Amino acid sequence: MKNVLFVCSQNRLRSPTAEQVFSKRQDIEVASAGTNHDADTPLTHELVAWADIIFVMEKAHRSKLQKKFKASLKKARLICLDIPDDYEFMDPVLVRLLEVRVQRYLG
């Protein structure tokens with residue numbers, strides 16, 4: 001079983017949507033977090049170390065993660081989905097975009 005972490009800025013729209021969409025799968029464990037200090041669920045070294053795959057929504061998230069959590073990033077594969085902050089929680093367009101972009105990595 002793979003541990004999959006979804007990361008955006010505030011953990012309010014994109015990453016929680018991804019967590020909900022992929023939580024139905026039996027072959028992975030999912031979690032989500034935000035890079036900002038005031039995120040609903042702030043990113044921690046423990047979460048980064050837990051993850052086998054980390055999907056970030058933007059390149060800025062990847063940069064923050066690589067700088068702040070470098071020591072915890074030993075095993076995780078880091079993938080940028082290039083999804084801008086243009087969607088509401090569970091927006092059908094966002095859900096479809098996530099399904100299409102994540103599918104190639106999770107099968």
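# Notebook: a sheet, its helices and a few residues

I began with Leu13, which lies in the loop between S1 and H1. I kept in mind that this is a predicted model. At 25% relative accessibility, Leu13 counts as partly exposed. I listed what Leu13 touches, leaving out residues up to four places away in sequence, and found Asp85, Tyr87, Glu88, Phe89 and Leu94. I also checked Leu13 against His45, 32 residues apart from it along the chain, and noted that their C-alpha atoms are separated by 22 Å.

I stayed in the loop between S1 and H1, where Asn11 is found. Is Asn11 buried or exposed? Its relative accessibility is 6%, and the cut-off for buried is under 20%, so I wrote Asn11 down as buried. I then looked at its backbone: Asn11 has a positive phi of about 55°, although it is not a glycine. I made a note of this because most residues other than glycine have a negative phi.

**Another positive phi**

I turned to Asp82, which has its place in the loop between S4 and H4. Asp82 is not a glycine either, yet its phi is positive, at about 50°. Asp82 has 41% relative accessibility and therefore counts as partly exposed.

**H1 against H4**

Next I looked at how two helices pack. I wanted two values here, because two packed helices are described by the angle between their axes and the distance between the axes. Helix H1 covers residues 14–22 and helix H4 residues 92–106; I have them packing at an angle of about 70°, with axes 10 Å apart. Angles of 65 to 115 degrees count as roughly perpendicular, so that is how I describe H1 and H4. Their crossing is right-handed.

Which residues make the contact? From H1 I noted Arg14, Thr17, Ala18, Val21 and Phe22, and from H4 Leu94, Val95, Leu98, Glu99 and Val102. Sorted by class, the contact of H1 with H4 has 7 nonpolar, 1 polar and 2 charged residues.

I traced the strands next. In what order do they stand? I read S2-S1-S3-S4, an open sheet of 4 strands with parallel pairing. Strand S2 (28–34) and strand S4 (77–80) are at the edges with a single partner strand each, so one side of each has no neighbour in the sheet. On average, neighbouring strands are turned by 20° against each other, direction ignored.

Inside the sheet, I followed strand S1 (residues 2–8) alongside strand S3 (residues 53–56): the two run parallel and are joined by 4 bridges.

**H3 and His61**

I finished with helix H3 (residues 59–68), which lies across S1, S3 and S4. Against S4, H3 runs at about 155°. In helix H3 I picked out His61. How accessible is His61? I have 2% relative accessibility, so His61 counts as buried. Not counting residues up to four places away in sequence, I found that His61 touches Val7, Cys8, Ser9, Arg14, Thr35 and Val56. Arg14 was already in my notes, as one of the residues of H1 in the contact with H4.

Key:
Residues are numbered from 1 along each chain as its sequence is written. This is a predicted model: local features need pLDDT of at least 70, side-chain atom pairs count only at pLDDT 80 or more; totals for chains, interfaces and linings use all residues. Side-chain values use heavy atoms; hydrogens and water are left out. Axes are lines fitted to C-alpha atoms, for helices over the stretch in contact, and angles run from 0 to 180 degrees between N-to-C directions. Angles under 35 degrees count as roughly parallel, over 145 as roughly antiparallel, 65 to 115 as roughly perpendicular and the rest as oblique. A crossing is left-handed if the near helix is turned anticlockwise from the far one by less than a right angle, and right-handed if clockwise. Contact means heavy atoms within 4.5 Å. Ala, Val, Leu, Ile, Met, Phe, Trp, Tyr, Cys and Pro count as nonpolar, Asp, Glu, Lys and Arg as charged, and the others, Gly among them, as polar. Two strands pair if DSSP finds at least two bridges between them. Buried means under 20% relative accessible area, exposed over 50%, partly exposed in between (1.4 Å probe, protein chains only).
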